Amino acid sequence: MMGDNRKANRVRFDHRHAVSIIGIDGTWRRSCILLDASASGAKLEVEGSIVPLKAREFFLVLSSTGLAFRRCELIWIDGAHIGVQFVTGSAKGKTSAEKPLVGSQ
C-alpha cells in the first residue's frame, strides 16, 4: 500500500478521463482530468486557473450530459492538482463520508 492516508481504496486510470468542476451557484466551470478516485474522494488535474477553487464546495461533473455528478469539498491543492472529498447526504462535515461502505474491506 502506498503511504497515503485514504481510508477507501483508490482506482487510478490508464486513460485520460475528462471531467468538469462547476461552482455550486453555476457561475464558473473548469475542465479537469480525473487522475484517481475512491468511494470517498478523487484527485484531479485542473486545466486553467484554480482561482475559483477558493470555494470550499463545488460539483464534479463526470458525464458530458451532466447527469452523473458528485458534490465535493476541496481538501488540498498542489499546483494544478487538487484533492476532493465527496459530500454525502445532507449532513455537513465528515461524519457521513467516513462511514464504511457495506462489504468494503
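**Notebook: salt bridges in a predicted model**

I took a salt bridge to be a side-chain nitrogen of Lys or Arg within 4 Å of a carboxyl oxygen of Asp or Glu. R56 lies in the loop between β3 and β4 and E73 in strand β5 (residues 69–78), so the pair ties together parts that are 17 residues apart in sequence. Strands (E, at least two residues) and helices (H or I, at least four) are DSSP runs, numbered from the N terminus.

I note that this is a predicted model, in which local features need pLDDT of at least 70, side-chain atom pairs count only at pLDDT 80 or more, and totals for chains, interfaces and linings use all residues. Residues are numbered from 1 along each chain as its sequence is written, and side-chain values use heavy atoms, with hydrogens and water left out.

**Entry: cover around the pair**

E73 is buried, with a relative accessible area of 16%, whereas R56 is partly exposed at 47%. Buried means under 20% relative accessible area, exposed over 50%, and partly exposed in between (1.4 Å probe, protein chains only).

**Entry: the other pairs**

How many salt bridges does a search of the whole structure find? I recorded 3.

In one of them, the side chains of E57 and R71 meet at 2.8 Å, N to O. E57 belongs to strand β4 and R71 to strand β5, so this pair ties together parts 14 residues apart in sequence. I found E57 buried, at 19% relative accessible area, and R71 partly exposed, at 30%.

I also recorded a salt bridge between R16 and E47, whose closest N and O atoms are 4.0 Å apart. This pair links distant parts of the chain: R16 is in strand β1 (residues 11–23), and E47 is in the loop between β3 (41–46) and β4 (57–61), 31 residues away. R16 is exposed, with 61% relative accessible area, while E47 is partly exposed at 38%.

**Entry: the whole chain**

I then turned to the chain as a whole. The protein chain has 1 helix and 6 strands, and from the N terminus on its elements run β-β-β-β-β-β-α. Of its 105 residues, 33% are buried. Among contacts (heavy atoms within 4.5 Å) with a separation of 6 or more, 45% are between residues 24 or more positions apart.
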